[in-house]
Amino acid sequence: MLSPLFLLSLVGLSTQLVIDKFASPDSNALGNWHGCDEGDGITCTFGSGKLTVKATDTDYSFYTQLNGGCQDVTGMNSQYLHVKISGSSDFSIALQQNNPSCDETLSPYPQTWDIVYAPDYTVNGDIYVPLSHFNINKQKAVGFAFKAFRSTTATTFSLVEIVTSLPSGRTVPAKKPTGPLIFQCTRPNSIAFGIDDGVPELAQRTMQIIKDAGIKVTFFTVGSALTDPEGNFTAIYKEALDRGHQVALHSMTHPKLEGLIPASKIDQEFQQSLSTVQQKLGSRVSTKYFRAPYGTDGALTRQKLETAVGGGSRVINWSIDIEDWLWGESSTPEKQVEAVKRDIARGGNLFVSHYLYPSTVEYFPEFIRLAKATGKQIMRVDQCLEDPNAPPL
Ligand SMILES: *[C@@H]1O[C@H](CO)[C@@H](O)[C@H](O)[C@H]1NC(C)=O
Ligand SMILES: *[C@@H]1O[C@H](CO)[C@@H](O)[C@H](O)[C@H]1NC(C)=O
Ligand SMILES: [Zn+2]
């Protein structure tokens, strides 16, 4: 029997693979999972071959999968993602890459993704994105994510497919550079702490615990904290630099960057944060390294960061979440320890932590003990990523 794909090419249609026609709320045209993140920030309504997405928060996504494990799409690199929509095109599209084991129970899952800004590719409700614009390992594709919906106007999707060529007369823009999105240390046997914002009252205790443990870590600092003399953060991070820790960017005022309207505010956040860290802490700050406030992700953030730092940016996410945001102030703060054990067991090796709550800081020695118990070496994020500019171990 001739395969459907062969028949399509025989009659000269450009459709290569129909991924989603929104016929069912549970699965797509390939019989694979599709669905939205759960939560108050997004409403997804299926009906008559359409999906309508209305989001009030840029942190929510709709996903449609090529494969529950890994799909090799390297052969489609010269082809195009075609999406039909009506309503707002003000969102991002990501192609997700699975971890090396193609196993969603391991951490990180997904391993990474690359992302484009849909308005750059939209004409009259037709979106065409060259698959070559997604810089991921295409042997391990999981599927597409539609995310970071910036408008209060809904988006209605009616088709997601791969086509072999563009309609006549249609052109696509050049790829806007994005830095890699990193969830994991790459150096063998390494593990790293990325520590974000905190409160001044807990800063000295945190520094003392890190000093006592004899480890080097990476701090991601909010620019505005450095400009507030009462917080003493400029002195604290200068001392951290003197002790050989890495200090990197975490925005100027800690907003959900991708949701800022107009988008020029995202540029301002990066520019102000860069000039502030350089002015207050000098040239030793790792300005190419950035952690997104709230882990908020989107194409504009990735592109504008890359531009602001002059190329070579790295967005540092995590594969061990201590879940201080969930348990730090709860009646069960010990769940932070359970969260660390769980993510280490899944293979995570890059922490996200803060020093916002006394309970978190009191568990810090325990987190460090658990990290050491893996047998891996604790180091700065740039060292665990084998950055040639990182100091030697
Ligand atoms: C500010 O931080 C520095 C560096 O850790 C420390 O030496 C100094 O005592 C701190 N000042 C205050 C007022 O806490
Ligand atoms: C970081 O990871 C979290 C959890 O996987 C995810 O929700 C978030 O979008 C990621 N953030 C970035 C900037 O990639
Ligand atoms: Zn933060």
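These are my notebook entries on a few places I looked up in this structure, which is a predicted model.

**Entry: Gln246**

I began with Gln246. I found Gln246 in strand β16, which covers residues 246–249. Is Gln246 buried or exposed? Its relative accessibility is 1%. Buried means under 20%, so I wrote Gln246 down as buried.

Next I looked up what the side chain of Gln246 does. The side chain makes a polar contact of 2.7 Å with the side chain of Thr218. It also reaches the backbone nitrogen of Asp382, at 3.1 Å. I then listed the contacts of Gln246, leaving aside neighbours within four places in sequence. Among them are Val217, Phe219, Ser286, Tyr289, Arg380 and Val381. Thr218 and Asp382 are on that list too.

**Entry: the second largest pocket**

Some of those names came back when I turned to a pocket. The second largest pocket has a volume of about 280 Å³. How many residues line the second largest pocket? I noted 19. Val285, Ser286, Arg380, Asp382 and Asn389 lie nearest its centre. Ser286, Arg380 and Asp382 are also contacts of Gln246.

Strand β17, residues 286–290, gives the most to this lining, with four residues. By type, the lining has six nonpolar, seven polar and six charged residues.

**Entry: helix α4**

I moved to helix α4, residues 233–242. Its buried residues are Phe233, Thr234, Ile236, Tyr237, Ala240 and Leu241. Where do the buried residues fall, seen down the axis of α4? They fall within an arc of 165°, so they line one face of the helix. Just after α4 comes Gly244, with a positive phi of about 95°.

**Entry: Thr52**

Then I went to Thr52, which is in strand β4. Its relative accessible area is 26%. Buried needs under 20% and exposed needs over 50%, so Thr52 counts as partly exposed.

Which residues does Thr52 touch, not counting those up to four places away in sequence? I listed Thr43, Cys44, Thr45, Ala154, Thr155 and Thr156. With Thr156 there is a polar contact, side chain to side chain, at 2.9 Å.

I also looked up how far Thr52 is from Pro388. They are 336 residues apart in sequence. In space they are 46 Å apart, C-alpha to C-alpha.

**Entry: the cavity**

Last, I looked for cavities. A search of the whole structure finds one cavity of 30 Å³ or more. The largest cavity holds about 30 Å³ of space.

Which strand gives the most to the lining of the largest cavity? It is β4, residues 50–55, with three residues. Val53, Lys54 and Ala55 are in the lining. Other lining residues include Ser88, Asp90, Phe149, Arg150 and Ser151. Ala154 and Thr155 line the cavity as well, and both are touched by Thr52.

Note on methods: Residues numbered from 1 in each chain as written. Chains lettered and ligands numbered in written order. Predicted model: local features only at pLDDT ≥ 70, side-chain atom pairs only at ≥ 80, totals over all residues. Heavy atoms only, no water. Helix = DSSP H or I, 4+ residues; strand = E, 2+ residues; numbered from the N terminus. Buried < 20%, exposed > 50% of the residue type's maximum accessible area, 1.4 Å probe, protein only. Polar contact = N/O pair within 3.5 Å; in protein donor to acceptor, adjacent residues only side chain to side chain. Contact = heavy atoms within 4.5 Å. Arc of directions from axis to C-beta. 1 Å grid on protein atoms, 1.4 Å probe; cavity = no way out; pocket = protein on both sides within 12 Å on 5 of 7 lines; lining within 4 Å. Points joined across faces, edges and corners; volume = space filled by probe spheres on them. Nonpolar A, V, L, I, M, F, W, Y, C, P; charged D, E, K, R; others polar.
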